[in-house]
Amino acid sequence: MRNFSAFCPVDRGNEVNGGRNNLYAVNHFLKTPYKNVALTTNENNFIEERIAGCEDITNLRTNMVIVDFWSLGDLPEFTQETNKARAAEKQGTTRRWLGMRD
């Protein structure tokens, strides 16, 4: 999963049929779901690294993360903090105000 070039789809969110697709989804799961693996892959640092890696490769902003075992690890907190930060960016508030790293 850390091999971003292999696991970050570059054919999502690109121009499709001459238009712009505003959805960029990242699959954040293994082919075979394992709860014990999800405990690691769903940790905040792992998710942040994966999303940032995919965004760097595609130059697209992720707006959907598809996961297995959403309640394991830091996924709920990661999602809430990411949504807060993005809302704040739209309003001109900095990420530091929200206690998030730049």
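Is lysine 84 buried, partly exposed or exposed, and what is its relative accessibility? Lysine 84 counts as partly exposed, at 43% relative accessibility (buried means under 20% relative accessible area, exposed over 50%, and partly exposed in between, with a 1.4 Å probe and protein chains only). The views below show a predicted model, in which local features need pLDDT of at least 70 and side-chain atom pairs count only at pLDDT 80 or more, while totals for chains, interfaces and linings use all residues. Residues are numbered from 1 along each chain as its sequence is written, and side-chain values use heavy atoms, with hydrogens and water left out.

**View 1. The protein chain has four helices and four strands.** Their order along the sequence is α-β-β-β-α-α-β-α. Helices (H or I, at least four residues) and strands (E, at least two) are DSSP runs, numbered from the N terminus. Of the 102 residues, 27% count as buried.

**View 2. A salt bridge joins lysine 84 and glutamate 81 (3.3 Å, N to O).** The term denotes a side-chain nitrogen of Lys or Arg within 4 Å of a carboxyl oxygen of Asp or Glu. Both residues lie in helix α4, three residues apart, about one turn of the helix. Glutamate 81 is partly exposed, with a relative accessible area of 26%.

**View 3. Arginine 86 and glutamate 55 meet through their side chains in a salt bridge (3.3 Å, N to O).** This pair links distant parts of the chain, with arginine 86 in helix α4 (residues 75-91) and glutamate 55 in helix α3, 31 residues apart. Arginine 86 counts as partly exposed, at 22% relative accessibility.

**View 4. Arginine 61 forms a salt bridge with glutamate 89 (2.7 Å, N to O).** Here too distant parts of the chain are linked: arginine 61 is in the loop between α3 and β4, and glutamate 89 is in helix α4, 28 residues apart. Arginine 61 is partly exposed at 43% relative accessibility, as is glutamate 89 at 34%.

**View 5. Arginine 50 is buried yet has no salt bridge.** Arginine 50 belongs to helix α3 (residues 44-58). The nearest side chain of opposite charge, glutamate 49, is 9.2 Å away (Lys and Arg count as positive and Asp and Glu as negative; His and the chain ends are not counted).

**View 6. Asparagine 63 lies in the loop between α3 and β4 (64-67).** Asparagine 63 is partly exposed, with a relative accessible area of 44%. Isoleucine 51 is 12 residues from asparagine 63 in sequence and 9.9 Å from it in space, C-alpha to C-alpha.
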